[in-house]
Amino acid sequence: MAAPVRLGRKRPLPVCPNPLFVRWLTEWRDEATSRGRRTRFVFQKALRSLQRYPLPLRSGKEAKILQHFGDGLCRMLDERLQQHRASGGDHTPVSPSGEKSSAPEGPAAEAQDPSLPVSAQPRSRGSGGYWPARHSGARAVLLLLYQEHLNPSGCSFLTKEELLQRCAQKAPRVVPANVRSWPALRSLLNRNLVLRAHQPARYSLTLEGLELAQKLAKSEGLSSLNAGTGPEEPAREEPEVPGAASAKLGASEGGGQQPPLELGPGEYRVLLCVDVSETAGAGHRPELLRELQRLHVSHTVRKLHVGDFVWVAQETRPRDPARPSELVLDHVVERKRLDDLCSSIIDGRFHEQKFRLKRCGLGRRVYLVEEHGSVHNLSLPESTLLQAVTNTQVIDGFFVKRTADIKESAAYLAFLTRGLQRLYQAQSVREVFARQLMQVRGVSGEKAAALVDRYGTPASLLAAYDACATLKEQEMLLSTIKCGRLQRNLGPALSRTLSQLYCSCGPLT
């Protein structure tokens with residue numbers, strides 16, 4: 001008796017991210033094999049390396065970060081790609097077997113948008129005619145992520161624990177019995193409707209998932225701000241994180257527009273904010289906090305939406321001591337251990353995180369690369385990592401800092417914190433005036449201190465110059481001021497220079 005036929009949906013095969021390069025390398029390998037050339041081994045090694053690389057390459061030059069790709073092979077790929085484009089070749093991804101993928105035709109399919117992170121690009125394995133059933137787990141996850149995406153005070157992603165918690169509140173029937181394996185979430189990941197990034201995992205909607213979630217919300221008649229899995233409910237206040245002054249940096253309270261925050265000298269302190277992902281999990285993460293405490297670095301732990309470390313100016317005398325106002329300083333640090341850097345390159349977080357950092361609004365971005373064990377035990381070759389780090393500095397404009405271990409990373413963060421505290425510390429007019437005087441050649445620290453003791457501000461010095469009757473009297477006004485331990489006179493030459501600096505309207509002679 002014949003075995004019964006099993007009907008079901010086949011799992012879609014993963015799409016090759018670089019089908020043209022794979023096809024050309026295969027052709028070159030087969031041609032070299034037919035002619036008995038030893039270059040077939042070169043093409044075979046490069047082909048294996050390319051097939052293991054999960055991200056799309058836009059040129060042969062970018063392939064140099066892979067193992068077994070030299071200058072000659074990269075140049076061959078660029079020349080073949082140029083010929084392909086000149087001949088009007090189809091830019092739609094083609095599998096090595098010659099069949100076109102399901103990517104849409106037209107100008108939108110000719111090239112991926114370079115402004116989007118690679119992991120967020122729409123893949124050819126689209127959702128097709130997928131429509132999740134009503135009251136299903138997949139539908140609940142899509143609507144919950146869509147609600148978080150529309151929330152102006154949200155962060156456009158949810159962790160697995162947050163998804164389970166919200167599903168339990170709004171749709172308890174779809175919560176899986178075993179939280180480790182969630183078939184609905186896994187199905188959305190396979191269909192490229194949900195993106196998983198960062199560690200611990202954060203889930204957000206892809207472009208295709210966002211489009212489908214909008215259609216689902218519209219079909220259920222949900223408002224754009226209350227897209228959920230059931231009837232609209234009043235917004236709940238989320239509990240505050242202990243020890244965190246504010247969950248969102250610079251977030252204003254209430255729905256009304258708040259006046260711009262201004263903090264004057266002496267009204268704030270510079271505080272280092274550490275992301276919660278740097279304090280939880282296995283490895284040496286708790287050791288980082290111990291090192292910061294040992295170095296007496298003022299810091300707080302909170303959930304950051306971008307980067308691993310940022311600095312804020314927190315007011316010291318707030319109206320509400322429980323929620324002091326803050327201003328984010330123009331510095332952000334993304335920390336990567338070498339093993340984490342390898343995994344982020346493989347799963348696409350590397351490009352996605354750099355994309356978000358470049359668009360976060362902070363101008364001084366630091367990429368902190370921390371050594372971890374032997375480079376020979378990593379999942380990617382050392383040359384690939386060096387090329388990725390170099391691209392981050394040269395192409396993306398990040399400042400790259402390499403450290404030997406967790407202690408050196410903590411010392412670097414302490415150095416940055418103290419530098420920002422010195423940069424933003426409150427300085428009196430007297431101190432600024434002394435610094436200004438010391439810019440004049442011949443004015444030492446002792447001479448500047450003597451001048452500031454006599455005239456504490458530029459206004460008082462200008463008033464003394466205005467009281468002089470003649471130009472000669474102005475030039476000799478400061479000549480008799482006693483300076484230093486020996487109480488020597490400042491001298492007529494330096495007095496004349498300072499009078500020209502503060503009394504001349506035109507350029508100095």
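Leaving aside residues up to four places away in sequence, which residues does Pro458 touch? The legends below take up this predicted model, and the first one gives the reply.

**View 1. Pro458 and what it touches.** Once residues up to four places away in sequence are set aside, Pro458 touches Val429 and Phe433. Pro458 itself belongs to helix α15, which runs over residues 458–466.

**View 2. Pro458 and Ala434.** Here's a pair to look at across the chain: Pro458 and Ala434 sit 24 residues apart in sequence. In space, their C-alpha atoms are 9.7 Å apart.

**View 3. Helix α3 from end to end.** Now for helix α3, made up of the 16 residues 71–86. After α3 comes Gly88, which has a positive phi, near 70°.

View 4. Leu73, Cys74, Leu77, Leu81 and His84 are the buried residues of α3. They take up an arc of only 100° around the axis, so they lie on the same side of the helix. Look to the other side of α3 and you'll find Gln82, Gln83 and Ala86, which are exposed.

**View 5. What covers α3.** The buried residues of α3 have other helices over them: what covers them includes α1 (19–34) and α2 (39–52).

Terms used. Residues numbered from 1 in each chain as written. Predicted model: local features only at pLDDT ≥ 70, side-chain atom pairs only at ≥ 80, totals over all residues. Heavy atoms only, no water. Helix = DSSP H or I, 4+ residues; strand = E, 2+ residues; numbered from the N terminus. Expected span 1.5 Å × (residues − 1). Buried < 20%, exposed > 50% of the residue type's maximum accessible area, 1.4 Å probe, protein only. Arc of directions from axis to C-beta. Contact = heavy atoms within 4.5 Å.
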